[in-house]
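Me: I am new to this structure and would like to learn how to read it. Please take me through it one feature at a time.

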Amino acid sequence: MPTTRVAWLIHAGETVRSRREEYAEATYEALLDSASACFFESGFSATSLDHVAHRARVTKGAIYHHFASKRELFTAVLERQQERSVGSITQAGATASDAWAGIVAAIDVFLDTISDPVYQRLCWVEGPSALGFEDWWAYGERYEIEVIRQLLDRAAAARVLVVPDRDMLAHVLFGAVTAGVLGMARSKEPFIERDRFRAVMLSLLAGLVHAEDTPSEVPGSQR
């Protein structure tokens, strides 16, 4: 077979494979977009896979090609939400001028994130019922404790952190943050709860640094 013919066949095979991969990826993202909207609007229990498929304009079989169950689909939706939020929070904390500024910046981006109605309902309202409390808590630990630990590590490196046991402190702060966010999610006045949560968390965190390094003015309830 001529060399040009062989090269053409190889190129054609790569093109077909690439198009298949692109289509699969596009379908996967479309399903996550559709499922996110459906779970947000109707909740996990009331959402059917038929509904998700119809909204994504694919067959139900396309869902089962990527996900074994509705729970697995919801998990993928939750993971995408968490990955996006963790990325923005981490960047805000890491690029701030110093350890305290990093903490404040990370909290503010986190509050912006959880104030989004879609994120709030999917991750904090539907999550526990869809996955069960233990698995839902584990997902939170997987994504959020690492962010908290990075902020604590930076404070420790700057020699301003009072508590030496950063691992336990990260878990304690994660529990406090989770309780605060659940309070926001259940409140009829979430933005008021948000301001209260911010003020309390910053006051609490300011107490974890050495007195001489504590900011002269701890940011209050308003930004």
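Me: In which helix is Thr75 found?

Reply: Before the answer, the ground rules. This is a predicted model, in which local features need pLDDT of at least 70 and side-chain atom pairs count only at pLDDT 80 or more, while totals for chains, interfaces and linings use all residues. Residues are numbered from 1 along each chain as its sequence is written, and side-chain values use heavy atoms, with hydrogens and water left out. Helices (H or I, at least four residues) and strands (E, at least two) are DSSP runs, numbered from the N terminus. Thr75 is found in helix H4, which spans 70–95.

Me: How many helices and strands does the protein have?

Reply: The protein has nine helices and zero strands. Read from the N terminus on, the order is α-α-α-α-α-α-α-α-α.

Me: Is Thr75 buried or exposed?

Reply: Buried means under 20% relative accessible area, exposed over 50%, and partly exposed in between (1.4 Å probe, protein chains only). Thr75 has 10% relative accessibility, so the residue counts as buried.

Me: What does the side chain of Thr75 reach?

Reply: A polar contact is a pair of N or O atoms within 3.5 Å; within protein, one must be able to donate a hydrogen and the other to accept it, and residues adjacent in sequence count only if both atoms are side-chain atoms. Here the side chain of Thr75 reaches the backbone oxygen of Arg71 at 2.9 Å. A plain contact means heavy atoms within 4.5 Å. Not counting residues up to four places away in sequence, Thr75 touches Leu131 and Tyr139.

Me: Which residues does Thr27 touch?

Reply: Thr27 is found in helix H1 and is buried, with a relative accessible area of 8%. Residues up to four places away in sequence aside, Thr27 touches Val58, Ala62 and His66. For the protein as a whole, 68% of the contacts between residues at least 6 apart in sequence join residues at least 24 apart.

Me: Which residues of the largest nonpolar core touch the most other members?

Reply: A nonpolar core is a set of buried Ala, Val, Leu, Ile, Met, Phe, Trp, Tyr and Cys residues joined through side-chain atoms within 4.5 Å. The largest one holds 61 residues, and those touching the most other members are Phe39, Leu73, Phe74, Phe110, Ile114, Trp124 and Leu205. At least two residues of this core come from each of H1, H2, H4, H5, H6, H7, H8 and H9. Phe74 is in contact with Phe39, Phe44, Leu122, Glu126, Gly127, Ala130 and Leu131, leaving aside its neighbours within four places in sequence.

Me: How many cavities does a search of the whole structure find?

Reply: On a 1 Å grid over the protein atoms alone, a cavity is a set of points where a 1.4 Å probe fits but cannot get out, and lining residues have an atom within 4 Å of a point. Grid points are joined across faces, edges and corners, and a volume is the space filled by probe spheres set on the points. The search finds three cavities of 30 Å³ or more.

Me: Which helix gives the largest share of the lining of the largest cavity?

Reply: H7 does, with five residues. For classes, Ala, Val, Leu, Ile, Met, Phe, Trp, Tyr, Cys and Pro count as nonpolar, Asp, Glu, Lys and Arg as charged, and the others, Gly among them, as polar. The lining of the largest cavity has 16 nonpolar residues, one polar and one charged.

Me: What is the volume of the second largest cavity?

Reply: The volume is about 70 Å³. Residues that line the second largest cavity include Leu78, Trp124, Tyr139 and Phe174. H7 gives the largest share here, five residues. By class, this lining has seven nonpolar, three polar and one charged residues.

Me: Where is Arg57 placed, and what is its phi?

Reply: Arg57 is in the loop between H2 and H3. Its phi is near 60°, a positive value in a residue other than glycine. Arg57 is exposed, with a relative accessible area of 80%.

Methods. 1 Å grid on protein atoms, 1.4 Å probe; cavity = no way out; pocket = protein on both sides within 12 Å on 5 of 7 lines; lining within 4 Å.
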